[in-house]
Amino acid sequence: MDSPRQSKKPNVGREPKRGQNQSGIPPQKDAYARLLSQHRSPRFNQYLEQYAKDLSCPKEENGPSPPLRAQSEKMNIPQQKWDHASNDFSDSKDFSPSYMKSKGEESSLSLYMEKLSLRNAQQDYERKQGVSDKQRRGQRRDTTTSHDGDIESGEELGSFKPNETKKHQKQQKKKKDCNRNVASKDADSFVGRPQSPQKASASEQEHDKIKKSKKKNSPKHPEEGTVKSGVDAQVLRPKSPKDKKLQQPQASSSPADKRKNKGGRGSKQQMFESYLSFEEVSQGLKRGELIQGQLRINPKKYYEAFIPSPDDKRDIFLDGIVARNRALNGDVVVVQVLPQEQWKVVRSDTDCDGASESESQRENAQRKSERVRRPDVVVEDQCTDRDEVNSKRQNITDTGEPLEDPSAPRSNGEILQKTAKVVYIVEKKHSRAATGFLKFLPDKPFAMFSPVDHRVPRINVPLADCPQDFCSRPGDYANTLFICRITNWPAESTFAEGHLAKTLGQAGEIEPETEGILIEYDVDFSEFSDEVLDCLPKNLPWTIPPEELRERKDLRKECIFTIDPATARDLDDALSCKQLPDGNFEVGVHIADVSYFVEEGNALDHIASQRATSVYMVQKVIPMLPRLLCEELCSLNPLTDRLTFSVIWKITPEGKILSEWFGRSIICSCVKLSYDHAQSMIEAPEKLFSAEELPPVDALHPIDEIHQAVLNLHSIAKNLRAQRFTGGALRLDQMKLSFTLDKETMMPQGCYVYQYRDSNKLVEEFMLLANIATANHIYRKFPELALLRRHPPPKAKLVDELQELCDQLGIDIDLSSAGALHKSLNTILGNDEYSKARKEVLTHMCSRPMQMAMYFCTGVMKEEQFFKHYALNVPLYTHFTSPIRRYADIIVHRLLASSLKCGPHLGLSTQDVQKQASHCNDKKTMSKRVQELSSELFFGVFVKECGPLDSEAMVMGVLDQSFDVLVLRYGVQKRIYCKSVVGLDSFHHRKVGKKSELTLVWAPKDSESPAVEQVISIFTLVEVQLQSDNAPMKYSAALKRPEDSRS
């Protein structure tokens, strides 16, 4: 058996692979070069420590050195302790053998220790600035990976406890005997005379543990998410600087090529694996070895990411930035599931391997100090959209991580969660743009751009891109928001490269923040080009051509009117209702004929297809079409002839449809009613409205006629609605915040929860009826080309968990179908003043398992059972009623016109329609997120200007150190951290099954008063105060003492 001393000899045989000439080089010096590059020798580590002590560098001497890394797996050393040690020895820049050859042993070592001293100085400086080690780690979680063989950038510094080096050495000594055989086996492959690169390669192939580790500069531990063996397994390899394109297929390098990358003073470690080739990915997907999906990065814990599991169970987990392999949120990626021994062990209720809540709290505090736009809303979506909802799909009592559950829970309540790594990026859906702040770096040719969204990496920006006086006066730009675009992300760096696209202005101001949101989410808000505007009618004022008057159904003398928000300017739809002699009704839905003005294939059509949707923000709208169309030629403005597409039914008072007609038409709206006007008419059926109470009305139609039409529509709509919900439909309403704005400054003057009333329901019911009718018509005419909208059922596993939680909470809810859920939500929560709040909380809980509704082409999805819309409980559905603001509706209009022989055949193939449907899905998701961020932005300003604001709140979810509340007065959701609650003496967490509970112990007000206990569980009522934070646009919820709440 080889002695321990012999086990160090592997370095001898590997050194010639760098092309070093061994003759004439002192053996001592060669040994140092090998030791530095290989990081294998504990003895050398001790020498370094002693040298460091002599140079008075206690910080670095106490860190465990990477020579121990090679033995870490054998010795079971806690992985977290390696996260920081690897920094100090992993940078090969100053310690490649070729560099040491020119400098000599002592000078190289001196340079190295000088480098450690500089790093210590940097750490000391950060401490003086009040940055703790924990904050640095939290701040850098996107530059380090998780617990399976982490790799950090050489530029990143970690902290370590002084006694850890000795601890590791003792562990190593204790384990040495039992590891001797393994060490000898490693040594056997390298002991002896220097090998040629070819022989070395052949020798390495005989050992699985060092397979593919052909570089001395590569780390001796696999990166997070790297498979140790198997066909697709790759350990990090140095990468040529030329290989920088993100999606470029990269083949294995020849030994000669690899040698080129090893030597040289400037060589860097490769942080990320090369992507597989397109052919490898295609074959892997066909064999089921690889999985494709859309990446979602947790906005609260940005080092955690997920993709949907193909088996429709819990999501697959990607742990850390290395596993994501330069993919960003929303990208479509291909992943490789890691071996089961690398899966994540989690508890069935609370993921214990992720960052604790206390860590998350400190991260959030750190982000506030950096003016980070931190998502405050726990779940930001409804049942039909899921981009952000899915990143929160979880048990109601989870710490925030969706868990994969491929196997049954173990006896101790633990389960295994599948983990994976990205091996290919199919489509970069993320815009690669971010808002953030610039940081000056002395003696660097670039500045550091720090995005406010921590899911985006930090970016090196050339100084030439920065403002002219940035280098001389960096403090002037500390509060300036910039937009930066990523241009490249090298495989050997945790930092991306990019350029500044624009200076937005001061952080905290509405317009710069708004522009940043739009750019980040890739919303095109530029002015329409001359080429696009040339597609619009030239002769203004525009009049309807005579041929259209001849070919269309003329409805201009009918009593037709619009019902919209009072501020709406793009009026898509109008309604009519005429009582027939037989007691039935002729009801019409009339939609703006946008497809008449937007000809397929021209520049206007192209830009509309790219924008895909109008984007509605608090203070403005980014239109899909030029305003001449949106607000004039297509908008169904009152007392103006307009081109429309109409659906007209003969319908009974009970809502039974007797006949149906589709066709192109001409209307003249007699009045523009707001929802408030229509609601007034519904609530006062006997009232005679005067002209002063309504907008201008066409003299052909008395106000009483319009009033009666509204009442008839309301009566029919109630019957239609009752039929829908009796038939199994579901509606999950969530509170929506609206604002009143100053007309001059556009600053928020007030806010309120939007009320969804009977007038809204009236319009919604007939829009749904028209969409369902159109879906059936175009699918019948074009079974291979129809553009429909489907809504898959919720994830079964998440529904089961929600059912279990509700059972433990004593909530008798039926989740077996959409209809059963709707009935439960409207019957089980009582009739007291807080029943509406309890319904809101339960609706929020029920929205979590829901999937996203999506457009699709029927020719691509052959099985009709997948066409169904779960929430509406209808087999076919589409969007027809809003072509001014949705491009999908324009395609549907073209299909409808073609089917009626009143328009050309659609010039798109099945694949073309599907591609456009997918694009519309993406843009709809982005639009909804921008709308939410705009609302958050304005509410943050409102709290700052008008706060603090007091309100009752209801608990929505309980974690181990925090809980989420719904603020009832404003409809916003906030997380309250127990450690941040002023006046709290202590707290403890208890969990029974899935029911989670916190007990808060409030400190006595005086020596004679007892401590006050407050139990926090789902549906608990609390009092909160919303307060503006120091960071721009940010606010927090402070919990008030129970007795203060009652007083």
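Biologist: Helices (H or I, at least four residues) and strands (E, at least two) are taken as DSSP runs, numbered from the N terminus. Where is the place of Pro 541?

Modeller: In this predicted model, Pro 541 lies in the loop between α17 (530-533) and α18 (546-551).

Biologist: What kind of peptide bond joins Leu 540 and Pro 541?

Modeller: The bond is cis, with omega at about 0 degrees. A cis peptide bond also joins Gly 947 and Pro 948, again with omega of about 0 degrees.

Biologist: And where is Pro 948?

Modeller: Pro 948 is in the loop between α29 (910-946) and β27 (949-958).

Biologist: Staying with the backbone, what is the phi of Asn 873?

Modeller: Phi of Asn 873 is positive, about 55 degrees, although the residue is not a glycine. Asn 873 belongs to the loop between β26 (854-857) and α28 (887-899), and its relative accessibility of 27% makes it partly exposed.

Biologist: What about Phe 1019: buried or exposed?

Modeller: Phe 1019 counts as buried because its relative accessible area is 19%, and the limit for buried is under 20%. Phe 1019 also has a positive phi, near 80 degrees, and is not a glycine. Its loop runs between β32 (1012-1016) and β33 (1021-1028).

Biologist: Turning to cysteines, how many disulfides does the count come to?

Modeller: The count is zero disulfides.

Biologist: Now the surface. Which residues gather in a patch of negative charge?

Modeller: The patch consists of Asp 800, Glu 804, Asp 807, Asp 812 and Asp 814. Of these, Asp 812 is in the loop between α25 (796-809) and α26 (818-825).

Biologist: Is Asp 812 buried or exposed?

Modeller: Asp 812 is exposed, since its relative accessible area is 66% and exposed means over 50%.

Biologist: Lastly, where is the place of Ile 316?

Modeller: Ile 316 is in strand β4 (residues 316-319). Ile 316 is buried, with a relative accessible area of 0%.

Definitions and conventions. Residues numbered from 1 in each chain as written. Predicted model: local features only at pLDDT ≥ 70, side-chain atom pairs only at ≥ 80, totals over all residues. Heavy atoms only, no water. Patch = residues over 30% accessible without salt bridge, like charges linked within 9 Å, V, L, I, M, F, W, Y side chains within 5 Å. Areas by Shrake-Rupley, 256 points an atom, 1.4 Å probe, with all protein chains shown as cover. Salt bridge = Lys/Arg side-chain N within 4 Å of Asp/Glu carboxyl O. Lys, Arg positive; Asp, Glu negative; His and termini not counted. Charge placed at Lys NZ, Arg CZ, Asp CG, Glu CD. Buried < 20%, exposed > 50% of the residue type's maximum accessible area, 1.4 Å probe, protein only. Disulfide = S-S within 2.5 Å.
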